[in-house]
Amino acid sequence: MSPVTDRAEIAELVARLAWALDERRFDDLRAVYAPDARTSSPRGALSGIDEIVDVLRRTSPEEDLTQHFNTDVVIDLDGDRAEIGAHQLAYFFQQGAAPHRRAGLRTRYSAVRTPAGWRLAEAHISPRWQHAA
(Lines give C-alpha, C1' and ligand atoms only; values in the text may rest on other atoms or scores of the structure.)
Protein backbone atom coordinates (compact mmCIF):
# COMPACT_ATOMS: atom_id res chain seq x y z
CA MET A 1 0.00 0.00 0.00
CA SER A 2 1.03 3.59 -0.46
CA PRO A 3 1.44 6.01 2.44
CA VAL A 4 -1.48 8.05 1.06
CA THR A 5 -3.75 5.00 1.03
CA ASP A 6 -2.58 3.97 4.51
CA ARG A 7 -3.28 7.45 5.88
CA ALA A 8 -6.77 7.48 4.35
CA GLU A 9 -7.60 4.06 5.80
CA ILE A 10 -6.30 5.04 9.24
CA ALA A 11 -8.19 8.35 9.25
CA GLU A 12 -11.33 6.44 8.30
CA LEU A 13 -10.85 4.18 11.37
CA VAL A 14 -11.04 7.27 13.58
CA ALA A 15 -14.21 8.39 11.77
CA ARG A 16 -15.77 4.90 11.92
CA LEU A 17 -15.14 4.80 15.67
CA ALA A 18 -17.13 8.03 16.12
CA TRP A 19 -19.95 6.82 13.83
CA ALA A 20 -20.24 3.49 15.66
CA LEU A 21 -20.44 5.26 19.03
CA ASP A 22 -22.95 7.85 17.83
CA GLU A 23 -25.18 5.28 16.15
CA ARG A 24 -24.84 2.85 19.07
CA ARG A 25 -23.58 0.13 16.71
CA PHE A 26 -21.07 -1.23 19.19
CA ASP A 27 -20.49 -4.48 17.29
CA ASP A 28 -19.19 -2.38 14.38
CA LEU A 29 -16.20 -1.63 16.61
CA ARG A 30 -14.93 -5.13 15.76
CA ALA A 31 -13.96 -3.70 12.35
CA VAL A 32 -12.23 -0.72 14.02
CA TYR A 33 -10.28 -2.26 16.91
CA ALA A 34 -7.85 -5.19 16.82
CA PRO A 35 -9.07 -8.26 18.76
CA ASP A 36 -6.51 -7.62 21.53
CA ALA A 37 -6.94 -3.83 21.61
CA ARG A 38 -6.50 -1.86 24.81
CA THR A 39 -8.23 1.40 25.70
CA SER A 40 -8.02 3.92 28.51
CA SER A 41 -10.63 6.61 29.01
CA PRO A 42 -12.86 8.01 31.75
CA ARG A 43 -14.69 4.64 31.55
CA GLY A 44 -11.48 2.97 32.75
CA ALA A 45 -8.89 0.67 31.21
CA LEU A 46 -10.26 -2.06 28.96
CA SER A 47 -8.53 -4.95 27.25
CA GLY A 48 -9.77 -6.92 24.25
CA ILE A 49 -12.54 -6.13 21.80
CA ASP A 50 -15.09 -8.24 23.68
CA GLU A 51 -14.60 -6.23 26.87
CA ILE A 52 -14.63 -2.93 24.96
CA VAL A 53 -17.94 -3.76 23.24
CA ASP A 54 -19.50 -5.12 26.43
CA VAL A 55 -18.57 -2.12 28.60
CA LEU A 56 -19.69 0.41 25.99
CA ARG A 57 -23.01 -1.39 25.60
CA ARG A 58 -23.56 -1.58 29.40
CA THR A 59 -22.49 2.01 30.17
CA SER A 60 -24.32 3.76 27.34
CA PRO A 61 -27.93 4.32 28.44
CA GLU A 62 -30.45 4.19 25.57
CA GLU A 63 -31.69 7.73 26.28
CA ASP A 64 -28.19 9.28 26.23
CA LEU A 65 -27.15 10.04 22.67
CA THR A 66 -23.79 11.35 21.48
CA GLN A 67 -22.30 13.17 18.55
CA HIS A 68 -18.52 13.12 18.12
CA PHE A 69 -16.50 15.45 15.88
CA ASN A 70 -12.84 14.66 15.14
CA THR A 71 -10.37 17.31 14.00
CA ASP A 72 -6.65 17.89 13.65
CA VAL A 73 -6.03 14.19 12.90
CA VAL A 74 -2.27 13.63 12.69
CA ILE A 75 -0.91 10.26 11.55
CA ASP A 76 2.71 9.16 11.93
CA LEU A 77 3.35 6.05 9.82
CA ASP A 78 6.09 3.54 10.53
CA GLY A 79 5.67 0.53 8.23
CA ASP A 80 2.81 -1.61 9.54
CA ARG A 81 2.30 0.60 12.60
CA ALA A 82 0.98 4.11 13.06
CA GLU A 83 0.53 6.62 15.85
CA ILE A 84 -2.51 8.89 15.59
CA GLY A 85 -3.45 12.01 17.49
CA ALA A 86 -6.69 13.95 17.19
CA HIS A 87 -8.87 16.44 18.98
CA GLN A 88 -12.46 15.44 19.57
CA LEU A 89 -15.53 17.40 20.52
CA ALA A 90 -18.30 15.25 22.02
CA TYR A 91 -21.89 16.32 22.63
CA PHE A 92 -24.22 14.40 24.95
CA PHE A 93 -27.95 14.89 24.51
CA GLN A 94 -31.37 13.29 24.60
CA GLN A 95 -33.56 13.02 21.50
CA GLY A 96 -35.05 16.40 20.58
CA ALA A 97 -33.23 18.31 23.32
CA ALA A 98 -30.20 20.57 23.38
CA PRO A 99 -26.97 18.96 24.61
CA HIS A 100 -26.81 18.63 28.40
CA ARG A 101 -23.04 18.07 28.34
CA ARG A 102 -20.16 18.65 25.99
CA ALA A 103 -16.51 17.79 26.26
CA GLY A 104 -13.25 18.49 24.50
CA LEU A 105 -11.03 15.43 24.30
CA ARG A 106 -7.48 14.62 23.25
CA THR A 107 -7.32 11.22 21.61
CA ARG A 108 -4.23 9.14 20.89
CA TYR A 109 -4.33 5.86 19.03
CA SER A 110 -1.88 3.21 17.90
CA ALA A 111 -2.86 1.32 14.78
CA VAL A 112 -1.51 -1.87 13.24
CA ARG A 113 -1.89 -3.37 9.80
CA THR A 114 -3.63 -6.74 10.09
CA PRO A 115 -4.70 -9.27 7.42
CA ALA A 116 -8.15 -7.61 7.66
CA GLY A 117 -6.68 -4.10 7.16
CA TRP A 118 -5.69 -1.37 9.60
CA ARG A 119 -7.07 -1.70 13.13
CA LEU A 120 -6.68 0.36 16.31
CA ALA A 121 -4.49 -1.49 18.80
CA GLU A 122 -4.61 1.15 21.53
CA ALA A 123 -6.78 4.14 22.34
CA HIS A 124 -6.17 6.75 25.01
CA ILE A 125 -8.95 9.28 25.49
CA SER A 126 -8.15 12.22 27.78
CA PRO A 127 -10.74 14.86 28.66
CA ARG A 128 -9.36 18.39 28.31
CA TRP A 129 -12.50 20.23 29.40
CA GLN A 130 -16.15 19.58 30.10
CA HIS A 131 -19.25 21.73 30.31
CA ALA A 132 -22.57 20.59 31.77
CA ALA A 133 -25.72 22.59 31.05
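R24 lies in the loop between α1 and β1, where helices (H or I, at least four residues) and strands (E, at least two) are DSSP runs, numbered from the N terminus. This is a predicted model, in which local features need pLDDT of at least 70 and side-chain atom pairs count only at pLDDT 80 or more, while totals for chains, interfaces and linings use all residues. Residues are numbered from 1 along each chain as its sequence is written, and side-chain values use heavy atoms, with hydrogens and water left out.

**Backbone with positive phi**

- R24 is a residue other than glycine with a positive phi, near 55°, and at 22% relative accessibility it counts as partly exposed (buried means under 20% relative accessible area, exposed over 50%, and partly exposed in between, with a 1.4 Å probe and protein chains only).
- D72, found in strand β3 (residues 65-78), also has a positive phi, of about 55°, although it is not a glycine; at 48% relative accessibility, D72 counts as partly exposed.

- In helix α2 (residues 49-58) the buried residues are I49, I52, V53, V55 and L56, and they pack against α1 (3-22), β1 (33-41) and β2 (44-47), a contact being heavy atoms within 4.5 Å.
- Leaving aside residues up to four places away in sequence, I52 touches Y33, A37, T39 and L46.
- T39, which sits in strand β1, is buried with a relative accessible area of 9%, and its contacts beyond four places in sequence are Y33, G44, A45, L46, I52 and A123.
- The largest nonpolar core has 24 residues, and those with the most contacts inside it are L17, L29, Y33, I52, I84, Y109 and L120; such a core is a set of buried Ala, Val, Leu, Ile, Met, Phe, Trp, Tyr and Cys residues joined through side-chain atoms within 4.5 Å.
- At least two residues of this core come from each of α1, β1, α2, β4, β5 and β6.

**The largest pocket**

- About 670 Å³ of space lies in the largest pocket, and of the 30 residues that line it, the closest to its centre are L21, R43, L56, H68 and F92.
- A pocket is an open set of points on a 1 Å grid over the protein atoms alone where a 1.4 Å probe fits, with protein on both sides within 12 Å along at least five of seven lines, and lining residues have an atom within 4 Å of a point.
- β5 (101-114) is among the elements that each supply at least two lining residues, and the largest share, four residues, comes from β5.

**Salt bridges**

- A search of the whole structure finds 11 salt bridges, each being a side-chain nitrogen of Lys or Arg within 4 Å of a carboxyl oxygen of Asp or Glu.
- R25 forms a salt bridge with D28, the closest N and O atoms being 2.4 Å apart; R25 is partly exposed at 37% relative accessible area, and D28 is partly exposed at 33%.
- E122 pairs with R38 in a salt bridge whose closest N and O atoms are 2.7 Å apart, linking distant parts of the chain, with E122 in strand β6 and R38 in strand β1, 84 residues apart.
- R58 and D54 form a salt bridge, with their closest N and O atoms 3.0 Å apart, and because they are four residues apart in helix α2, they are separated by about one helical turn.
- Salt bridges that share partners join D27, R30, D50 and R57 into one network.

Key
Grid points are joined across faces, edges and corners, and a volume is the space filled by probe spheres set on the points.
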